[in-house]
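User: Please take a close look at one part of this structure for me: the helix packed inside the fold, and what surrounds it. Give me the wider setting too, from the single chain up to the pair.

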There are 2 protein chains.
Amino acid sequence: MADLLIQNADVLQVEAERAELLSGHDIIVSGNRISAIESSGATDPSHAATVLDAAGQVAMPGFINTHAHVPMVLWRGLGEDVNIESWFNDIIWHLEANLEPEDVYWGMQLGVLEMIEAGITAVSDHYWHMEYAARAVEKAGTRALLGQAMFGAKGLGQIDETAAFAQRWDGAAGGRIRTILAPHAPYTCDDEFLRASAVKAEAIGSGIHIHVAETLGQTQASLQRRGQTPIEVLHDCGILNVPTILAHALGATPGDLEILADLSAPVGIAHCPKTYAKLAMGFNNLVELRALGIAVGLGTDGAVSNNTLDLWEAIRLTAMGQKQLLGDAEQLTIPQALALATRESARVYGQADELGDLAVGKLADIILVDLSGTHHFPLNSVTASLVYNARAGDVRTVICDGQIIMREREHLTLSKGEIVANIMPRMERLRRRENAGNIQTYQP
Amino acid sequence: MADLLIQNADVLQVEAERAELLSGHDIIVSGNRISAIESSGATDPSHAATVLDAAGQVAMPGFINTHAHVPMVLWRGLGEDVNIESWFNDIIWHLEANLEPEDVYWGMQLGVLEMIEAGITAVSDHYWHMEYAARAVEKAGTRALLGQAMFGAKGLGQIDETAAFAQRWDGAAGGRIRTILAPHAPYTCDDEFLRASAVKAEAIGSGIHIHVAETLGQTQASLQRRGQTPIEVLHDCGILNVPTILAHALGATPGDLEILADLSAPVGIAHCPKTYAKLAMGFNNLVELRALGIAVGLGTDGAVSNNTLDLWEAIRLTAMGQKQLLGDAEQLTIPQALALATRESARVYGQADELGDLAVGKLADIILVDLSGTHHFPLNSVTASLVYNARAGDVRTVICDGQIIMREREHLTLSKGEIVANIMPRMERLRRRENAGNIQTYQP
């Protein structure tokens, strides 16, 4: 007896340079894993506890958001048309001074709700009060890799505290929740702090999720101040000896890329193109990163820079951004873009063997996407439509860890009404900037 | 007695550097024009023939698509990951050899259907068999500025033919349809042809819609071949003496911009950022164009380069593209982006006095946008949400020329079922590339 039978889907199969569809196939889920993908009709529907008819829909892996600060959705729209210094110093770090633990619980639910609606089933999140975020993810039925943010100025004691959180929650919710250590950045954590974080990560078998070289300006400032690039600093401090997610690395030098290409630990880069464009940060050259074998995944960053938590936007902006950057429309092809959004994001997320691919034995994180909208017709190329036409609203059904969490756009785990009702009374306090403190200063 | 009362809307008001909302206002439409905008409740609903409740929705001007080849939606997804030379010579101009007049009738209906769903009420379209496009627009209830494309190689006789079309249809459908002459580009029409087009346009009181300096490469090729930029060529040939829509002008030189800034005729540029990014064409510096007072409107170009006919994408890519291009996130602000999408697009479209602004006396082209989706919540900034979060699916109701053409996403003028049924049998023929001719060669 199968737990779930998805009938008549067009199943997307993505490899590094190839993306194609298995048309008219059924996917069988047993427990939280895919147990078969077979021609439609091979399994009698009466042998499955739940049956979904996906005729005319594409089944693809749930999106993995490799870098976010999900609860920041609470402040979306409040950081507009400013450069990065002002964005941090005049806006974000004042707003975050207002944050209370329960805000994270509701903000996380809200952001996960938006991500489910966009087909995102897993997120690598870097934020505060992550115990509360974990409870929200537990409820939502999605997957998350949670890191409690740390600023060096708050002292070394944080490392033990966040490691305790990490150990408490790693593997929770039937394995849907994993944890990671999350020092903020080399410009907010000194070398001693970074070294101690690396030692702790190794000791508890955790990885590290950190911002680095967010702009070329940060790299230049670091070189001027101490003669080392931010990535060299991480390397020297031992951070890159453990599995690491590097947020952005836009300011990576050729020497930095050599360091990254030669590492033995799995280290990947989270690429968040909407935030980069909005904050005029530039783009990294993903074609070069790919050629060096460096893993690159897609991310949304927080919604105060990105406005939405939507990887359909990210996949499109990634492909288009590379074409513009390199002045060559043949670069970052449709199959490559789909590989970044699926397999490569799973690699950065640290579950390449289990996620990012619809195949027997993989975890059943599956989204069903309806391409019958006018904006897809005529459907001359399904893969082109997925990269350049699809919108969050085309995602009909979302399955995570074998459970249906959104069915025909109806949420089965979270309640939007409850989330909205709990957030509304918080907003007046959360939006205050006058008289609020400033949790940190941006001065890389 | 009013014809239409839109109740309880938040009415978007946009000026060059300011965008704000009149909250809780009613819009009254008499005939095809806005006759009042007043605080909600001032007019008794029983005094209106039709009443729409827009509580919680933003009312804004229908989008104006200043440059498109709408019927090309038939081939969407067939021109991927190639540069512009190959895009024209290996794909487009072969596919277009398959085109029959009735294809344009159905392709235009399909594209207009997609545009209505995205809140686009007017399009400046440059294509073939425009008599058929005009009939589609007449049926759809939208607005269009139609130009029958001309290649110089087909001879001067075309000018009289397309002028006859222009005269026959100008002002048709109660003024919803206007016409324009449409020589393709200076690299496909020689000077004699351009001069004759300008003379004819002046004689019949028409404007001109033409591609020019689509890339910097085209400008360089023209300089090398004849010592003049493409825009200088248009100027010398008299094209810029009549109202003109310049598609793209990405390769405009500083000297070209001086020419454009000094013109007495209204000449504007159509900016199509998704196509530019996908074809790696670069971006123009809109901040510079704005400073020179040159009108810039948003466009989608055709769907074989742009994939969708969606100006929500264009407004976002325009703002983000300028920030990236200039390395300054303070550039191309939210109010400026909204001005480009409304007033400035109306200026390029040639109806600045009648469209692009919700005000008494203007034509009633109004869209109602629902910002209650999860991706907008909390709605800290409506204007930020319109630029960075809104999607075509958020458009609920579309009014053009005072008539409701989509109501709560139900089409009232076009039938998607009929359009799909008529297009499907055409696709095998339309997709052929082998043995098809090549209507032109790209060799600027």
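Analyst: This is a predicted model. Start with the whole chain, then zoom in.

Chain A holds 16 helices and 17 strands. Its radius of gyration is 21 Å, close to the 22 Å from the globule rule for 444 residues, so chain A is as compact as a globular protein of that length. The C-alpha trace spans about 65 × 50 × 45 Å along its principal axes. Of the 444 residues, 61% count as buried.

Now the helix. α3 of chain A covers residues 130-140. Its buried residues are Met130(A), Tyr132(A), Ala133(A), Ala134(A), Ala136(A), Val137(A) and Ala140(A). An α-helix has 3.6 residues a turn, so residues three or four places apart point the same way. Keep that in mind when reading the list of buried positions.

What covers these buried residues? The cover of α3(A) includes the helices α2 (101-117) and α4 (157-169) of chain A. It also includes the strands β7 (120-127), β8 (143-150), β9 (177-183) and β16 (403-407) of chain A.

Both ends of the helix deserve a look. Most residues other than glycine have a negative phi. His129(A) has 20 C-beta neighbours inside 10 Å and therefore counts as buried; the cut-off for buried is 20 or more. After the helix comes Gly141(A), with a positive phi near 85°.

Chain A divides into domain 1 (2-61 + 357-414) and domain 2 (63-349). The C-alpha centres of the two domains lie 28 Å apart. Their contact takes 29 residues from domain 1 of chain A and 29 residues from domain 2 of chain A. On the domain 1 side, β1 (2-15), β2 (18-30), β14 (366-370), α14 (382-388), β15 (395-400) and β16 of chain A each supply at least two residues. α14(A) gives the largest share of that side, five residues. By type, the domain 1 side splits into 18 nonpolar, four polar and seven charged residues.

A cis peptide bond joins Phe377(A) to Pro378(A), with omega about -10°. Chain B has a cis bond from Phe377(B) to Pro378(B), with omega near -10°.

Pro71(B) lies in the loop between β6 (63-68) and α1 (84-95) of chain B. With 29 C-beta neighbours inside 10 Å, Pro71(B) counts as buried. Its contacts beyond four places in sequence include Asp103(B), Val104(B), Tyr127(B) and Ala133(B).

In soluble globular proteins, nonpolar side chains tend to be buried together. The largest nonpolar core here has 307 residues, and Ala59(A) and Ala59(B) touch the most other members. This core draws at least three residues from each of domain 1 and domain 2 of chain A. Among the residues that Ala59(B) touches are Ile6(B), Val11(B), Ile27(B), Leu358(B) and Ile366(B).

Last, the pair. A rotation of 180° with 0.0 Å of shift along its axis superposes chain B on chain A, at an RMSD of 0.0 Å. That is the relation of a two-fold axis. In chain B, the C-alpha nearest the axis belongs to Gly393(B), 3.6 Å from it. At the interface, 47 residues of chain B contact 47 residues of chain A. α2(B) gives the most to the chain B side, with four residues. That side divides into 20 nonpolar, 14 polar and 13 charged residues. 100% of the interface residues of chain B are also interface residues in chain A, so the copies meet through the same surface.

Note on methods
Residues are numbered from 1 along each chain as its sequence is written. Chains are lettered from A and ligands numbered from 1 in the order in which they are written. This is a predicted model: local features need pLDDT of at least 70, side-chain atom pairs count only at pLDDT 80 or more; totals for chains, interfaces and linings use all residues. Two residues are in contact if their C-beta atoms, placed from the backbone, lie within 7 Å. Ala, Val, Leu, Ile, Met, Phe, Trp, Tyr, Cys and Pro count as nonpolar, Asp, Glu, Lys and Arg as charged, and the others, Gly among them, as polar. Copies are superposed by least squares on the C-alpha atoms of residues with pLDDT of at least 70 in both. The radius of gyration is taken over C-alpha atoms; the globule rule is 2.2 Å times the number of residues to the power 0.38. A residue is buried if 20 or more other C-beta atoms lie within 10 Å of its own, exposed if 12 or fewer, and partly exposed in between; C-beta atoms are placed from the backbone. A nonpolar core is a set of buried Ala, Val, Leu, Ile, Met, Phe, Trp, Tyr and Cys residues joined through C-beta atoms within 7 Å. Domain bounds come from an automatic or database domain assignment.
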